[in-house]
Amino acid sequence: MNTDPIADYLTRVRNAIKANHRVVEIPASNLKKEITKVLFDKGYIANFKFEENGPQGTIKVALKYHPITKVPAIRSIQRVSKPGLRKYAGMATMPRVLNGLGIAIVSTSKGVMTDKVARQQNIGGEVLCYVY
């Protein structure tokens with residue numbers, strides 16, 4: 001059993017990128033599905049598919065690479081809020097990743113969204129991870 005399923009999700013994506021894999025399979029949960037949708041909307045992954053097999057299901061994530069240089073779209077993906085030390089940010093203290101070039105994925109009362117959307121909606125929440 002994983003004590004931190006979000007860290008496991010991010011580690012699987014990070015390891016697949018380092019190994020130049022095209023697709024990575026991840027055990028599904030509702031929070032992981034929302035994080036996957038945010039990554040897809042922001043263009044960090046090529047595609048995704050939710051498969052309902054077994055009690056939990058899986059998420060198949062197609063990773064995105066530059067067609068010529070083969071550089072991955074995700075340069076870095078880091079966990080911020082951990083089970084031992086949760087990181088929360090209000091609207092005023094919402095972090096900016098690489099001065100706005102990256103995204104911070106935030107879990108709010110209105111769902112999982114990026115830091116920019118949370119700032120626009122004037123809400124704060126738990127900062128899950130940084131992606132750039």
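Me: What is the relative accessible area of Glu25, and how should I read such a value?

Reply: The general idea is a scale with two cut-offs, on which buried means under 20% relative accessible area, exposed means over 50%, and partly exposed is what lies in between, with a 1.4 Å probe and protein chains only. Glu25 has a relative accessible area of 45%, so this residue is partly exposed. Bear in mind that this is a predicted model, in which local features need pLDDT of at least 70 and side-chain atom pairs count only at pLDDT 80 or more, while totals for chains, interfaces and linings use all residues. Residues are numbered from 1 along each chain as its sequence is written, and side-chain values use heavy atoms, with hydrogens and water left out.

Me: What is the mean pLDDT of the chain?

Reply: As pLDDT is the predictor's confidence in each residue, from 0 to 100, the figure to read is the chain's mean of 95, with 98% of its residues reaching 70 or more.

Me: Which residue meets Glu25 in a salt bridge?

Reply: A salt bridge is counted where a side-chain nitrogen of Lys or Arg lies within 4 Å of a carboxyl oxygen of Asp or Glu. Here the partner of Glu25 is Lys60, with 3.6 Å from N to O. Glu25 belongs to strand 1 (residues 23–27) and Lys60 to strand 3 (residues 58–63), so their pair ties together parts that are 35 residues apart in sequence; helices (H or I, at least four residues) and strands (E, at least two) are DSSP runs, numbered from the N terminus. Lys60 is itself partly exposed, at 27% relative accessibility.

Me: Which residues are linked with Lys60 in a network of salt bridges?

Reply: The network links Glu25, Lys49, Glu51 and Lys60. Lys60 also meets Glu51 at 3.7 Å, N to O, and Glu51 in turn forms a salt bridge with Lys49, whose closest N and O atoms are 3.7 Å apart. Glu51 counts as partly exposed at 22% relative accessibility, as does Lys49 at 48%. The whole structure holds nine salt bridges.

Me: Which residues of helix 1 are buried?

Reply: An α-helix has 3.6 residues a turn, so residues three or four places apart point the same way. In helix 1 the buried residues are Ile6, Asp8, Tyr9, Leu10, Val13, Ala16 and Ile17. Their cover includes strand 1, helix 2 (30–41), strand 3, strand 4 (77–79) and strand 8 (125–131).

Me: How many aromatic pairs does the structure hold?

Reply: Rings of Phe, Tyr and Trp (its six-membered ring) pair if their centres lie within 6.5 Å, and planes under 30 degrees apart count as stacked, over 60 as edge-to-face and the rest as tilted. The structure holds two such pairs. Phe40 and Phe48 are edge-to-face, at 5.2 Å centre to centre and 75 degrees between the planes, whereas Phe48 and Phe50 are tilted, at 5.1 Å and 45 degrees.

Methods: Contact means heavy atoms within 4.5 Å.
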